[in-house]
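Let's take a walk through a protein model together. Have the sequence and the 3D view ready, and follow along one piece at a time.

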Amino acid sequence: HAADTNRTDLMTITRFVLNEQSKHSESRGDFTILLSNIVLGCKFVCSAVNKAGLAKLIGLAGETNVQGEEQKKLDVLSNEVFVKALISSGRTCLLVSEEVEEAIFVPPSQHGKYIVVFDPLDGSSNIDCGVSIGTIFGIYMAKDKDNATLDDVLQPGNKMLAAGYCMYGSSCTFVISTGNGVNGFTLDPSLGEFILTHPNIKVPTKGKIYSVNEGNAKNWDEPTTKYVESCKFPEDGSSPKSLRYIGSMVADIHRTLLYGGMFMYPADLKSPNGKLRVLYEVFPMSYLMEQAGGQAFTGKERALDLVPSDIHDRSPVFLGSYDEIEHIKELYGACK
Ligand code: AHM
Ligand code: MG
C-alpha cells in the first residue's frame, strides 16, 4: 500500500511492549525502562559494528574473557555499554555477562527488581569478516531486590520473564518475547527506532535445513550422528535437507525461527557439555523457540527445565521446528 512508504502509525518496541504489558500495569513502566536501556545498548553496538572496519575498532584488546578466548575490542566495548546502561536504568539488581567472570551486583542505591543475563556480542569469530553477530539476553525477577543472590539466576530457564536477541546483520533486527509469542523489529536508521516488521513469528513445524558444526562429527554421539545421516540420506523418500551454518548463534537461530529446521550444538567426546552457555545462550534462545511454537532439547530433557549450577555452565542443545526436535528426542530415547 501507499501507506507503507509513508508510515505514520509506527509500532516501536516501547509502544508494543507497553500495549502488551497493559494488563500488568504495576510493573509496566519499570519493564519498559529496562527494555529501552537494552535497546539503547543494541543501537550502540549496531553502530559500532557498522563502523568497525573504518574506526579500527577491530582487533585484540589485550584481555582474555572467562573462557580464555582472546577478547576483541568490540566485545569489551559492548559489554561496558550494556553493564552501564543496565545499572543506570535503576531497574536491575544483578547482571550476568559472558564477558565477566563474576556476577555483577548492582550498588544498592540503583537497585531494581530485574536480573539480566546477557552475551553482549556473540559470534565474535565473525567480526573481522563482517558476518552477522548478535547480542542475546534473558530477564528474570529477583525474589528480593535488596538481597539478590546467585540463586536468583541459578534457576531453570522456564522462570525467565522475557528473552530476546539483536542481530547485527544486513539490517539490525531485534527479536523479543515476554511470554506472549515472539515479535521481530527492524531498526530504521533514519529514525533510530526499531519498528515492528515480523509480528507473531511462528517457526514452521517441519524444516528443510539443518545447522551444525559438522567438523566435530568424528566426536559426536550416536543420536546426533544418526540425525545428521537422516538429513542427508532420508529413508522415507523425502528430499535431503540443506546444511546452513554461520557459526553465529544469533544468525543461525534467526534463520531457524523464520525458515524452520534444526540448529544444534551437541555434546561431543571433547566437549561433553557442548559449547553454548546455559544462562545467556541456551535459555534465551530456547525460550524464544518455544514461544514461536518450536522446541528446545538438551539430549536429556527440555532445555528450559535445566537448572544451572554455575553462571557460566554449558549445555548441549537442539533447537528448532517442533517435528525436528521430536525426531531427535526419539533418537535419544532409542539410545538410552
Ligand atoms: P562466542 O560466544 O565465543 O562467540 O561463541 C559462541 C558461538 C555461537 O555464536 C555459535 O553458535 C558457536 O559459537 C559456534 O561455535 P563453533 O565455531 O565451534 O562452531
Ligand atoms: Mg557467546
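**Starting at one strand pair**

In strand E15, Gly-320 is the bridge partner of Gln-295. Before we go on, keep in mind that this is a predicted model, where local features need pLDDT of at least 70, side-chain atom pairs count only at pLDDT 80 or more, and totals for chains, interfaces and linings use all residues. Residues are numbered from 1 along each chain as its sequence is written, while chains are lettered from A and ligands numbered from 1 in the order in which they are written. The labels work like this: helices (H or I, at least four residues) and strands (E, at least two) are DSSP runs, numbered from the N terminus.

Back to that bridge. Gln-295 belongs to strand E14 (residues 295–297), which pairs with E15 in the antiparallel sense over three bridges. Two strands are said to pair if DSSP finds at least two bridges between them. E15 also has strand E13 (residues 262–265) as an antiparallel partner, joined to it by four bridges. One of the links is between Met-264 and its bridge partner in E15, Phe-318.

Which way do the residues of strand E15 point? In a regular strand the side chains alternate between the two faces of the sheet. In E15 (residues 317–320), Val-317 and Leu-319 point one way, Phe-318 and Gly-320 point the other way, and all are buried. Here, a residue is buried if 20 or more other C-beta atoms lie within 10 Å of its own, exposed if 12 or fewer, and partly exposed in between, with C-beta atoms placed from the backbone.

Now zoom out. The protein chain has eight helices and 15 strands. Its C-alpha trace spans about 60 × 50 × 45 Å along the principal axes. Residues 24 or more positions apart account for 63% of the contacts with a separation of 6 or more, where two residues are in contact if their C-beta atoms, placed from the backbone, lie within 7 Å.

Next, look for an open sheet of eight strands, in the order E4-E3-E5-E6-E7-E8-E9-E10, with mixed pairing. Strand E4 (104–105) and strand E10 (193–198) stand at the edges with a single partner strand each, so one side of each is left without a neighbour in the sheet. Inside that order, strand E3 (residues 92–97) and E5 pair in the parallel sense over six bridges. Val-96 has Val-117 as its bridge partner in E5.

E5 also leads us to the ligand. Strand E5 (111–122) and helix H6 (249–259) each supply at least two residues of the shell around ligand 1. There are 13 residues around ligand 1, and Gly-123, Ser-124, Asn-213, Gly-247 and Met-249 come nearest. A residue counts as near a molecule or strand if its C-beta atom, placed from the backbone, lies within 6 Å of it. By class, the shell has two nonpolar, five polar and six charged residues. For those classes, Ala, Val, Leu, Ile, Met, Phe, Trp, Tyr, Cys and Pro count as nonpolar, Asp, Glu, Lys and Arg as charged, and the others, Gly among them, as polar.

Stay with helix H6 for a moment. Nine of its 11 residues are buried, so H6 is largely enclosed by the rest of the structure. Among the buried ones are Met-249, Ile-253 and Leu-257. After H6 comes Gly-260, which has a positive phi near 85°.

Most residues other than glycine have a negative phi, and most peptide bonds are trans. Asn-200 is not a glycine, yet it has a positive phi of about 45°.

Another loop, between strand E8 (172–177) and strand E9 (183–188), holds Gly-179. Gly-179 is exposed, with 12 other C-beta atoms within 10 Å. Leaving aside neighbours within four places in sequence, Gly-179 is in contact with Leu-161, Ala-162 and Gln-291.

Over residues 203–332 the chain is 36% helix and 12% strand, with the end C-alpha atoms 23 Å apart.
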